[in-house]
Amino acid sequence: MIILFGNKKGGVGKSITAINLAGAIIAKAKRRGTLTKTTVCIVDADTNESVVNYIRRRENYSQELVKQGLDELPFIKCELRKPDDTLTRDLKALDELYDYVLVDTGGYENRAFKSSVPVSDMIYLPFQPSQVDLEQLIPTLFVIKQIEENVQDGVDPDFRVDPRLLLTMVDHTSRDLFQEAKRVCVQLLSYASISGVAIPQVKAIKKIQDKGLTLSDAVAGTGEYKYTAHAKRAQFDLLLDEIDGMREVEYKRETQTVSDTSDTTC
């Protein structure tokens, strides 16, 4: 399964969401006794290479845990690509090897993002509850729609993508903005579904990211080598349930084709 994350605007928690979703995938597979080194792979095709650096810190900390006589951290495979790379073939190949392939890209102008759209099972567009973030969604959704229509016209008339709007960085102070953002997003249902999950802003991430830990990780050590899975990992578990089809999106994308998109505003 290929899950694409994309947004032109930075600072929306896109990479952190992908990393902690990978943590939730691993934790679920571990509970079920199905965890292997081919459970999940993250493809980092963003300019900042945030995921690659995060996983590098995770591997270094895992080696440190082993030296302390503790279990190593569960393996998260990471592949580095460039924003101007065409990812279609690579993603198809990785999809044959891994249960989940999470793709972290930049905005709609990047070839990596555009080439990933036709082969992705789902496309999550993380955004914060703000007017600026909502405005940035519009051109991205237009590009996704255009790619969908091009494939329908030239290859497969039944082809449809599955874009989903995902609110991130939500805290108690943004509750009103959160509700307003969802109300506005209903206007975009011709282009995307609205996820039923809201990714919270978690201060603990700043404390654990230097070790490459996810909110779902647990380290059975003592002192500085003890870490308990964070309670707010639950939102990433819910996101995984949504991806696996065990939980419905809050608003499903409308099926009709919209011929005139010029009046869509936030």
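Buried residues (under 20% relative accessible area, with exposed over 50% and partly exposed in between, for a 1.4 Å probe and protein chains only) make up 50% of the 266 residues in the protein chain. This is a predicted model, in which local features need pLDDT of at least 70, side-chain atom pairs count only at pLDDT 80 or more, and totals for chains, interfaces and linings use all residues. Residues are numbered from 1 along each chain as its sequence is written, and side-chain values use heavy atoms, leaving out hydrogens and water.

**Whole chain**

- The protein chain holds eight helices and nine strands; these are DSSP runs numbered from the N terminus, with helices being H or I of at least four residues and strands being E of at least two.
- The radius of gyration of the protein chain is 18 Å, which agrees with the value near 18 Å for a compact globule of 266 residues; the radius is taken over C-alpha atoms, and the globule rule is 2.2 Å times the number of residues to the power 0.38.
- The C-alpha trace spans about 60 × 45 × 35 Å along its principal axes.
- Of the contacts (heavy atoms within 4.5 Å) between residues at least 6 apart in sequence, 78% join residues at least 24 apart.

- Helix α2 covers residues 50-67, and its 18 residues should span 26 Å at 1.5 Å a residue; the end C-alpha atoms are 26 Å apart, which agrees. The expected span is 1.5 Å times one less than the number of residues.
- The buried residues of α2 are V51, V52, Y54, I55, R58, Y61, S62 and L65.
- After α2 comes G69, which has a positive phi near 80°.

- E49 lies in the loop between β2 and α2.
- The phi of E49 is positive, about 55°, although E49 is not a glycine.
- With a relative accessible area of 31%, E49 is partly exposed.

**K145, in helix α5**

- K145 sits in helix α5, which runs over residues 131-154.
- K145 has a relative accessible area of 7% and is therefore buried.
- K145 and A192 are 47 residues apart along the chain, and their C-alpha atoms are separated by 9.3 Å.
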